[in-house]
Amino acid sequence: MKCVDDFRLRFGKREVVPIIIGGMGVDISSRELAWEAARLGGIGHISDAMLPTVTDRLDKTKFVSHKQKQYKLNIEKTDKSIVQFDLAQVAESTRLHVSKTMEAKRGDGMIFVNCMEKLTMNNPRETLKVRLASSLDAGIDGITLSAGLHFGSFGLMEDHPRFRDAKLGIIVSSVRALQIFLRKNAKLNRLPDYIIIEGPLAGGHLGFGLDWAKYDLQTIVNEIAAYLAGENLSIPLVAAGGIFTGSDAVSFLEHGASAVQVATRFTITNECGLPTDVKQEYFKANESEIEVNTTSPTGYPMRMLSNTPAIGSGIRPGCESYGYLLDGNGGCAYINSYNREVEAHPNDKNVVVMDKTCLCTHMRNFNCWTCGHYTYRLKDTTRQNPDGSYQLLTAEHVFRDYQFSVNNQIALPE
Ligand SMILES: Cc1cc2nc3c(=O)[nH]c(=O)nc-3n(C[C@H](O)[C@H](O)[C@H](O)COP(=O)(O)O)c2cc1C
């Protein structure tokens, strides 16, 4: 019987354990988690989402208060279009986070950064260009392009000296998205080094509609493998979404995937960036408490725990501090929903906003509990403490369990 350790993901001559811990913003896939994945010979991700606020917290920078001061007179206004990011500060925070991560990396594995296109930051093209370039400048091993179609992202990196040596990958959820990406980038003569195929059971934003349950990850992997074979292209495929045991992973490795990307099982590890009490919420969740909804202003459905504090919260949009989802015209679907509710209830001190959520503020404060479909199985991966709480695991324990387990077994902690 095979285990994941019988396989390797190959980039040319370089080989790694075919386990990738997926990017989880905002700083849920922490430096510590990425370090463990690399130390154990796999691939870890940090996320480049909202890095000015992340480095404020981790490295005592002052980017958010600086921005808030600059736009303080706008806080009461409904129009957020003047709120811009200082590109030099975006570059500085990205370089800081990536370089601190890379300097302390140990082991034979790699660390990639997850870069979401939907973080449009009121200037989609220029802010994305700066984020990509700064990660490459700071020595990241690779960049995973996510949450968006990224048709122009390779072009934004084309002139960077590391464009051909860093590993560049793309997340897709359909063969069609991949076909268009490859067609739009054909003239650059630079293929992705890996393709992550994210199925409908993943955490975070989904590349499917509310009919996600109709889709099946292995079927999409098969379609993409067949398409690439027909085009004579050999690009490693990485299956992601709902891979809960080593045996689940082996099944994908035996049927077209060169690696798996996993995340949910690491949300309850010591190294994961979520606060301890939120990790307990993930453990406690039952199947009926995991929902896919349309509250994200990005327009993509998102999976989360139904008791997530972000749902219904009518906080004032925090764009003067954050503003990561402002489109190129300073708009955001949450601002519209918030303004509508304030107008409808002029005498209320607090409003309830059900249809959208202020994702920047709530992700920053760990109040949007996004999670994978199988979160309700996390309680079966550990032991309960005498007080009823669940024992957190180490990332090493979970990684090794994926790497060596057979027969759908899950190793409990000592
Ligand atoms: C808490 C959480 C946050 C996530 N955030 C992101 C993100 O910021 N960007 C992204 O591309 N994927 C995100 N994902 C998706 C993961 O990177 C990964 O592809 C997916 O969840 C794998 O499926 P699994 O969780 O069932 O193992 C997130 C997943 C979780 C559980």
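Colleague: Is Met-121 buried or exposed?
Modeller: Met-121 counts as buried, because it has 24 C-beta neighbours inside 10 Å. The cut-offs: buried takes 20 or more other C-beta atoms within 10 Å of the residue's own, exposed takes 12 or fewer, partly exposed is in between, and C-beta atoms are placed from the backbone.

Colleague: Where is the place of Met-121?
Modeller: In the loop between strand 5 and helix 5 (124-137). Phi of Met-121 is near 50°, a positive value in a residue other than glycine. Helices (H or I, at least four residues) and strands (E, at least two) are DSSP runs, numbered from the N terminus.

Colleague: Ground rules before we go on?
Modeller: This is a predicted model: local features need pLDDT of at least 70, side-chain atom pairs count only at pLDDT 80 or more, and totals for chains, interfaces and linings use all residues. Residues are numbered from 1 along each chain as its sequence is written.

Colleague: What is phi of Asn-232?
Modeller: Near 60°, a positive value in a residue other than glycine. Asn-232 lies in the loop between helix 8 and strand 10 (237-240). It counts as exposed, because there are 6 C-beta neighbours inside 10 Å.

Colleague: And Asp-211, where is that found?
Modeller: In the loop between strand 9 and helix 8. Asp-211 is exposed, with 10 other C-beta atoms within 10 Å.

Colleague: Which peptide bond is cis?
Modeller: The one from Gly-25 to Val-26, with omega near 0°. Val-26 is found in the loop between strand 3 and helix 1.

Colleague: On to helix 1, then. How many of its residues are buried?
Modeller: Seven of the nine residues of helix 1 (residues 31-39), so the helix is largely enclosed by the rest of the structure. Among them are Arg-31, Trp-35 and Glu-36.

Colleague: What covers the buried residues of helix 1?
Modeller: The cover includes strand 3 (19-21), strand 4 (43-47), helix 4 (87-103), strand 5 and helix 13 (395-404). Contact here takes C-beta atoms, placed from the backbone, within 7 Å. Helix 1 is followed by Gly-41, whose phi is positive, near 95°.

Colleague: Why is strand 4 largely enclosed?
Modeller: Because five of the five residues of strand 4 are buried. Ile-43, His-45 and Ser-47 point one way, and Gly-44 and Ile-46 the other way.

Colleague: How does strand 4 run against strand 5?
Modeller: Parallel, joined by five bridges. Strands pair if DSSP finds at least two bridges between them. In strand 5, Ile-111 is the bridge partner of Gly-44.

Colleague: What order does the open sheet of three strands have?
Modeller: The order is 9-13-12, with antiparallel pairing. Strand 9 (204-205) and strand 12 (290-293) are the edge strands, each pairing on one side only. Four bridges join strand 12 to strand 13 (residues 302-305). In strand 13, Met-304 is the bridge partner of Glu-291.

Colleague: Now the ligand. How many residues surround it?
Modeller: 30 residues, and the closest are Gly-22, Ser-146, Gly-203, Gly-204 and Gly-372. Near takes a C-beta atom, placed from the backbone, within 6 Å. Strand 5 (110-116) and strand 11 (259-262) each supply at least two residues of that shell.

Colleague: How do the shell residues divide?
Modeller: Into 14 nonpolar, 15 polar and one charged. Nonpolar is Ala, Val, Leu, Ile, Met, Phe, Trp, Tyr, Cys and Pro, charged is Asp, Glu, Lys and Arg, and polar is the others, Gly among them.

Colleague: Last one, the whole chain. How many helices and strands?
Modeller: The chain comes to 13 helices and 15 strands. Its radius of gyration is 21 Å, close to the 22 Å that the globule rule gives for 414 residues, so it is as compact as a globular protein of that length. That radius is taken over C-alpha atoms, and the rule is 2.2 Å times the number of residues to the power 0.38. Of the 414 residues, 51% count as buried.

Note on methods. Two residues are in contact if their C-beta atoms, placed from the backbone, lie within 7 Å.
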